[in-house]
Amino acid sequence: MAAGLIARFRSIIGRKRKKAPRLGLALGGGGAKGLAHIPILELLDEMGVKPCCISGTSIGAVLGALYASGMSGSGIRGLVDDTVVKKGDSPDRVMKHLKKMVGFMDLDLFGPGIFKGSSFMDYFYEAIRIDSFQDLKVPLKVVATDFWTSGEVVISSGDLIGAVKASMGLPGVFTPVEKDGMVLIDGGGVDPVPWSVLEGCDVTVAVDVLGSSSGRSKDPPSAFRAVMEMFDIMQRSIVAARMNADGPDIYLRPDIRGVGIMEFHRADEVYASAGPARDELESRLKELGF
């Protein structure tokens, strides 16, 4: 009997000493739809789960960098809510936010994009206060596209701000970034949800925020909407092909419908759409011993 108790005690001690699985987190691109990443980050904080590595494309790179810098999910939500206009805001708050948004619009009328993106990156730097990947608290990989070769470029060292700017460089909207002889644009052109670049983790979690269109309409889309939706269609096709080849351990796709790439004023709607995916992740992580 004593021997049995000792064996049971040793088994319990062994379980307690077992290291928790290492989680890798991939945050996909999708413009305003990327705000759905924030409830996912808040859940990880609540569960005390710290990713061993993070990868991000476009807005996923922006939010991934903020999170990797040590900012909490709720802190990121607060930063967003202090930046964008939302439904129900008071007139004073609307004016405050509009003034801030106008400040981001550093036009590049005769260049390769509508906006230079420098003003937004200055604001981003004020929030993060980190220059280099090496200074982040969690390893981060940022995905961009080499315009000339159509190749995937994964950046994980050196200049953080330039890498994030390159990853969110939507063609025709933001000025591309030149780096090491390459012209870098939005990473969604090659890897919209970059789980395949995660390394050194036991469990990979990929968050696809591309969503879906709002369905048919009697009115034809504007030129801008048509181009943006075409880009989303292309990205969904890339993700589907990659899923068939080698998907992540946990794939989350919040049901976001009809939200445009620049419709950040619909933040609360996007947050709500992430609820079921958040619950699914919580359940799956508990099953895996997190």
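## Chatting through the fold and its helix packing

Trainee: What share of the contacts between residues at least 6 apart in sequence join residues at least 24 apart?
Mentor: In the protein chain, 74% of those contacts do. Keep in mind that we're looking at a predicted model.

Trainee: Got it. How many helices and strands are there?
Mentor: The protein chain has 10 helices and 10 strands. As for burial, 47% of its 290 residues count as buried.

Trainee: How many residues does the largest nonpolar core have?
Mentor: That core has 66 residues. Those with the most contacts inside it are L25, I76, F124, L140, L160, V205 and L281. Its largest share comes from helix 3, residues 59-68, which supplies eight residues.

Trainee: Nice link. Why is helix 2 described as largely enclosed by the rest of the structure?
Mentor: Because eight of its 11 residues are buried; the helix covers residues 37-47.

Trainee: What comes just after helix 2?
Mentor: G48, with a positive phi of about 70 degrees.

Trainee: Let's switch to helix packing. What do I need to describe a pair?
Mentor: Two numbers: packed helices are described by the angle between their axes and the distance between those axes.

Trainee: Then what are they for helix 3 and helix 6?
Mentor: The angle is about 20 degrees and the axes are 10 Å apart, with helix 6 covering residues 118-128. The two helices are therefore roughly parallel to each other, and the crossing is right-handed.

Trainee: Which residues meet there?
Mentor: From helix 3 you have V62, A65 and L66, and they meet F120, F124, A127 and I128 of helix 6. By class, that contact has seven nonpolar residues, with no polar and no charged ones.

Trainee: How does helix 3 sit against helix 7, parallel or antiparallel?
Mentor: Roughly antiparallel. Their axes cross at roughly 150 degrees and come within 7 Å, helix 7 being residues 160-167. This crossing is left-handed.

Trainee: And the residues meeting in that pair?
Mentor: A61, V62 and A65 in helix 3 meet L160, V164 and S167 in helix 7. By class the contact has five nonpolar residues, one polar and no charged. V62 and A65 are also in the helix 6 contact.

Trainee: I'm curious about S167. Is S167 buried or exposed?
Mentor: With 0% relative accessibility, S167 counts as buried, since the cut-off is under 20%.

Trainee: What is S167 in contact with, beyond its sequence neighbours within four places?
Mentor: Quite a list: G56, T57, S58, A61, V142, V143, A144, D186 and G187.

Trainee: One last thing. Where is S167 relative to V154?
Mentor: They are 13 residues apart along the chain, and their C-alpha atoms are separated by 9.5 Å.

Definitions and conventions:
Residues are numbered from 1 along each chain as its sequence is written. This is a predicted model: local features need pLDDT of at least 70, side-chain atom pairs count only at pLDDT 80 or more; totals for chains, interfaces and linings use all residues. Side-chain values use heavy atoms; hydrogens and water are left out. A nonpolar core is a set of buried Ala, Val, Leu, Ile, Met, Phe, Trp, Tyr and Cys residues joined through side-chain atoms within 4.5 Å. Buried means under 20% relative accessible area, exposed over 50%, partly exposed in between (1.4 Å probe, protein chains only). Helices (H or I, at least four residues) and strands (E, at least two) are DSSP runs, numbered from the N terminus. Axes are lines fitted to C-alpha atoms, for helices over the stretch in contact, and angles run from 0 to 180 degrees between N-to-C directions. Angles under 35 degrees count as roughly parallel, over 145 as roughly antiparallel, 65 to 115 as roughly perpendicular and the rest as oblique. A crossing is left-handed if the near helix is turned anticlockwise from the far one by less than a right angle, and right-handed if clockwise. Contact means heavy atoms within 4.5 Å. Ala, Val, Leu, Ile, Met, Phe, Trp, Tyr, Cys and Pro count as nonpolar, Asp, Glu, Lys and Arg as charged, and the others, Gly among them, as polar.
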